[in-house]
Amino acid sequence: MLEEAARVLTLQAGFNTAVVVAGTAALGMAGGTVGTFLLLRRRALVSDALSHATLPGIAAAFLLGVWLGLPGRSLPLLLAGAAVSGVLGVLTIQALVRFTRLTEDSAIGAVLATAFGLGVVLLSYIQSLQVGGQAGLGHFILGQTAAMAWREAVAMGVLALAAAGTTALLFKELRLVAFDPGFAHGQGWPVQRLDIALMALAALVTVIGLQTVGLILVVALLIIPPAAARFWTERLGAMTVIAAVVGALSGWLGATLSALFPKLPAGAVIVLVAGGFFLLSFLFAPARGLAAAALRAARLRLALAEQQALRRLLVGGDASPVMRRWLAVKGFHRNGALTDRGRAAARAAERNRRLWERFLIDHPALAPATPDWGIAPIDRVLPADLVRVLEERAR
Amino acid sequence: MQYLWRTPGARDDAGQTPMGPSPLVVRGLTVAYHRKPVLWDVTYVAPPRGLIAVVGPNGAGKSTLIKACLGLVPTVGGAIEVFGRPLRKQRRLVGYVPQRESVDWDFPVSALDVVAMGRYGMIGWFRPVSRSHKEAALHALERVGMADFAHRQIGQLSGGQQQRVFLARALAQEAQLYFMDEPFAGVDAATERAVLQVLRALDAAGRTVVCVHHDLQTVAEYFDHALLVNARVIADGPVGEVLTAENLRAAYGGRPLPFEVAGA
Amino acid sequence: MIGNMNRYSAILLAMLTLLWTAGPAAAQSKRLNVLATTGMVADLARAVAGERAEVSALMGEGVDPHLYKPTRSDIARLTRADVVLINGLHLEGKMDEAFQRVASSGKPVVRVAERVPKDRRITPPDLEGNDDPHVWMAPSLWVHALDAVRDALSSADPAGADAYARNAEAYRKDLTELDAYARRVLDSIPANARVLVTAHDAFTYLGRAYGIEVRGIQGVSTESEAGLKGIEELVALLVDRKVPAVFPETSVSDRNVQALVEGAAARGHTVALGGALFSDAMGAPGTYEGTYIGMIDHNVTLISRALGGDAPAGGFRGKLTLAQR
């Protein structure tokens with residue numbers, strides 16, 4: 001099994017498998033890259049509406065093909081229909097938000113459900129027509145990964161390159177528009193056009209991913225990798241790269257797993273792998289993960305206890321045996337009393353407490369969003385001039 | 001009142017600044033949110049230099065006025081000129097410090113990243129932020145006393161520090177006309193001093209600063225000119241002439257005044 | 001309102017109402033309303049019923065019966081019909097509830113495929129004890145369905161029992177000749193090419209009847225997604241046995257079959273894409289391929305020619321048009 005897994009992972013287990021594994025990896029990479037900015041621009045749900053809105057377009061394109069007398073299913077026509085109706089869905093959401101009092105999430109929900117429902121109705125209508133070539137239209141909903149054709153994988157590779165290239169070229173512009181669109185507008189940047197460019201990329205990823213993971217799941221490839229990446233870094237550049245890597249790995253591993261085990265539907269497995277990465281990131285990422293946060297909280301409690309003990313010892317009070325031993329390890333306590341170092345540390349702790357207290361009284365609303373703000377050395381968190389002011393006021 | 005018009009920054013041989021277009025001219029500006037008029041037929045000519053405070057009661061449209069001057073809200077009517085030409089041609093000359101609440105503090109950017117955004121207009125399309133621009137951004141952070149915090153993620157800064165970062169961003173724009181939306185609101189004492197220092201330095205350098213200011217008690221101390229609005233212009237000119245009891249009553253509409261005005 | 005009318009108008013209204021309802025009823029009492037699910041079953045009913053019944057099918061050309069979801073109007077048609085004929089054996093996988101509705105209204109739902117004796121049905125291992133429903137693929141089995149249709153029509157319309165029996169016998173002869181033709185052309189396929197690879201496992205009965213190895217990419221039902229492993233194994237089979245052609249189906253997406261062709265090509269073996277077979281649906285209505293005999297004729301002729309056997313281009317009785325799909 002392991003040997004077979006190794007072969008699949010290195011694209012040596014057969015042409016079809018290699019095509020699927022490489023293609024879905026490329027799709028995942030494109031999704032992660034584009035999805036980063038969608039996520040930060042708070043457009044995650046809009047991309048879900050976009051994917052659901054492709055369904056009526058696919059059905060309509062099929063009907064158009066029948067009406068024009070085209071033979072059977074013409075894939076470019078169907079994908080073009082998907083793209084057009086997906087984009088129309090997004091434009092409808094924007095129009096609803098702009099011209100009515102609807103909030104964005106209600107507009108998204110309305111368009112998503114209505115468009116999808118319309119698509120289902122059209123598919124049912126097509127089913128009742130006495131016309132051939134309609135087989136497989138329903139597969140756009142859940143995807144059919146295993147039969148990926150060579151040219152599909154190539155399209156995904158090109159898409160991944162395009163996504164990476166556009167992101168690199170427009171990095172600072174996309175970052176600006178996602179962070180502060182008002183300021184961007186004020187500087188004269190065409191915020192709306194940049195938004196459209198981003199949505200166009202998202203639409204491209206959606207349409208190209210339709211046949212692979214299906215329209216219901218393609219949003220997962222756009223959203224889960226950047227969500228996972230967020231836990232690892234505070235820098236946007238790193239986050240984009242990590243999201244691309246997570247996306248690519250999800251595609252790679254997911255396709256591999258579905259190749260090794262016969263009854264697993266590839267699209268769902270890919271999404272589950274991505275979800276697994278998210279869970280891992282959520283729990284164990286050092287920057288913002290749960291385990292790291294718990295560790296920091298524990299360290300904080302220790303630091304707090306330490307400071308309280310030092311201050312008590314300074315004024316002649318006492319501390320628990322455990323704490324005394326801990327202080328001894330740090331060189332603050334020996335032979336039943338504070339050392340010189342310990343006294344210095346105790347005085348620093350006392351000053352720190354007084355200054356933080358002053359800050360809390362004077363400016364309750366301004367505390368930074370770091371969990372250790374009351375305990376960390378104040379000189380390292382607040383600017384020097386503010387600390388001077390606090391010192392004066394605390395006297 | 002006659003104002004001396006001056007071209008921004010230029011001085012002739014005698015040290016006087018020669019005549020030139022006003023930094024900001026607003027003509028007949030009207031703005032409505034969902035058919036409710038927020039600003040009504042506002043006309044204003046800014047003096048050629050100095051620190052200008054925009055004051056008025058809550059909901060008077062002060063923020064909206066600033067945003068309309070920046071082209072951030074749609075207008076129903078009126079025109080805005082910056083240094084004699086329409087706003088959209090002069091964006092390079094205009095800087096903006098917004099209100100603090102409108103930002104996502106969890107966004108993965110550092111203080112330096114945010115300040116560097118002020119330089120994007122100069123960098124232009126597609127090019128990355130070069131070292132020299134990063135240094136200019138760092139220099140702006142120094143001017144607000146935040147150089148040590150350049151690489152902190154912005155959510156980890158205190159409220160006053162965040163305000164200073166946005167101020168530094170505007171400074172990095174190297175603009176001639178600055179709009180600031182309540183830069184003194186809800187900040188600590190040191191930040192307040194830092195902001196004031198920056199404003200005075202901008203004034204000395206011949207720039208114009210238009211600030212929405214909430215605290216009537218400090219207007220006279222910080223600013224030279226004032227514009228009193230309540231959906232329409234009540235009064236404008238030097239601070240002392242604007243903040244009369246009569247004007248304030250007209251603006252605040254019979255509500256109890258926030259403080260005693262001499263001669264009320 | 002009736003009280004307001006005068007006597008003449010009331011009588012006129014009553015007469016008109018009688019004529020109005022009696023008209024269609026009179027017409028209906030002449031012909032039976034027979035509704036079938038698949039086109040194959042409908043075709044059987046047409047052959048047996050002749051002029052005595054109005055036969056229609058829910059599923060048309062190119063429709064996949066495994067995935068067909070009935071609409072409200074379909075259910076209305078089912079309840080209005082005099083006789084409801086379905087394939088059964090869970091071919092119409094998504095219509096169980098509809099059939100229950102019909103059965104609970106007192107009208108029998110005739111499962112024609114279940115007339116095939118249990119010992120002649122194939123029970124694939126992965127179907128949890130259910131039988132493979134594609135019994136129409138072998139004319140020698142489909143004759144049992146013919147009997148079921150004849151009996152169902154006779155019990156619904158006893159007056160026509162003789163006519164039905166006569167028509168059924170005539171059709172049975174046709175089916176026997178078709179079976180012999182199929183055996184002839186399929187026997188002529190050389191031994192090493194006797195492998196039939198299609199989009200899904202619809203042809204098992206055909207393979208058993210005529211001695212051909214049959215493999216489908218998807219399983220017995222098209223609901224299941226094709227797996228990569230399955231595709232790779234089939235590609236290996238194609239390359240090892242040098243199979244000349246694989247066959248898409250009209251009612252199933254040809255994406256999977258294309259993948260086989262690409263995979264084999266990557267290993268240096270060119271597999272031709274044989275013409276599309278009619279697996280779960282027949283051809284366009286009104287054409288020869290839109291009948292059961294035409295469908296089987298098309299299938300066996302196409303398979304034979306593509307795999308190197310000897311079959312006339314005109315098929316069974318020269319009525320075939322082998323257009324490329």
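# Interfaces in a three-chain predicted model

The domain assignment of chain C gives domain 1 (28–183) and domain 2 (186–306); such bounds come from an automatic or database domain assignment. This is a predicted model, in which local features need pLDDT of at least 70 and side-chain atom pairs count only at pLDDT 80 or more, while totals for chains, interfaces and linings use all residues. Residues are numbered from 1 along each chain as its sequence is written, chains are lettered from A and ligands numbered from 1 in the order in which they are written, and side-chain values use heavy atoms, with hydrogens and water left out.

## The two domains of chain C

The C-alpha centres of domain 1 of chain C and domain 2 of chain C are 25 Å apart. In this interface, 35 residues of domain 1 of chain C are in contact with 36 residues of domain 2 of chain C, where contact means heavy atoms within 4.5 Å. The size of an interface is often given as the accessible area lost when the parts come together. Here, buried area is the accessible area (1.4 Å probe) that two parts lose on being put together, summed over both. Domain 1 of chain C and domain 2 of chain C bury about 3,000 Å² between them, with 61% of it on carbon and sulfur atoms. Of the area that domain 1 of chain C buries against domain 2 of chain C, 22% is supplied by C:Ile122, C:Met137 and C:Arg183, more than by any other three residues.

A salt bridge is a side-chain nitrogen of Lys or Arg within 4 Å of a carboxyl oxygen of Asp or Glu.

Helices (H or I, at least four residues) and strands (E, at least two) are DSSP runs, numbered from the N terminus. Helix H2 (39–49), helix H5 (139–156) and helix H6 (161–187) of chain C are the elements that give two or more residues to the side of domain 1 of chain C that touches domain 2 of chain C. The largest share of that side, eight residues, comes from H6(C). By class, the side of domain 1 of chain C that touches domain 2 of chain C has 20 nonpolar, five polar and ten charged residues. Ala, Val, Leu, Ile, Met, Phe, Trp, Tyr, Cys and Pro count as nonpolar, Asp, Glu, Lys and Arg as charged, and the others, Gly among them, as polar.

## Contacts between chains

Among the two pairs of chains that touch, the most contacts are between chains A and B. Chain B and chain C do not touch, and their nearest C-alpha atoms are 40 Å apart.

| Pair | Buried area | On carbon and sulfur atoms |
|---|---|---|
| Chain B and chain A | about 3,700 Å² | 62% |
| Chain A and chain C | about 2,600 Å² | 47% |

B:Phe107, B:Pro108 and B:Tyr120 supply 18% of the area that chain B buries against chain A, more than any other three residues. Between chain B and chain A the count is six salt bridges. The side chains of A:Asp385 and B:Arg164 meet in a salt bridge, at 3.0 Å from N to O. Chain B and chain A also have 17 residue pairs in polar contact (both at pLDDT 80 or more). On the side of chain B that touches chain A, H5(B) gives the most, with six residues. By class, that side of chain B has 22 nonpolar, 15 polar and eleven charged residues.

Between chain A and chain C the count is two salt bridges. C:Arg255 forms a salt bridge with A:Glu152, with the closest N and O atoms 2.6 Å apart. Chain A and chain C have nine residue pairs in polar contact (both at pLDDT 80 or more). The side of chain A that touches chain C takes at least two residues from each of helix H2 (15–40), helix H6 (104–128), helix H8 (150–169) and helix H12 (236–260) of chain A. The residues of that side of chain A divide into 16 nonpolar, 14 polar and four charged.

Notes
A polar contact is a pair of N or O atoms within 3.5 Å; within protein, one must be able to donate a hydrogen and the other to accept it, and residues adjacent in sequence count only if both atoms are side-chain atoms.
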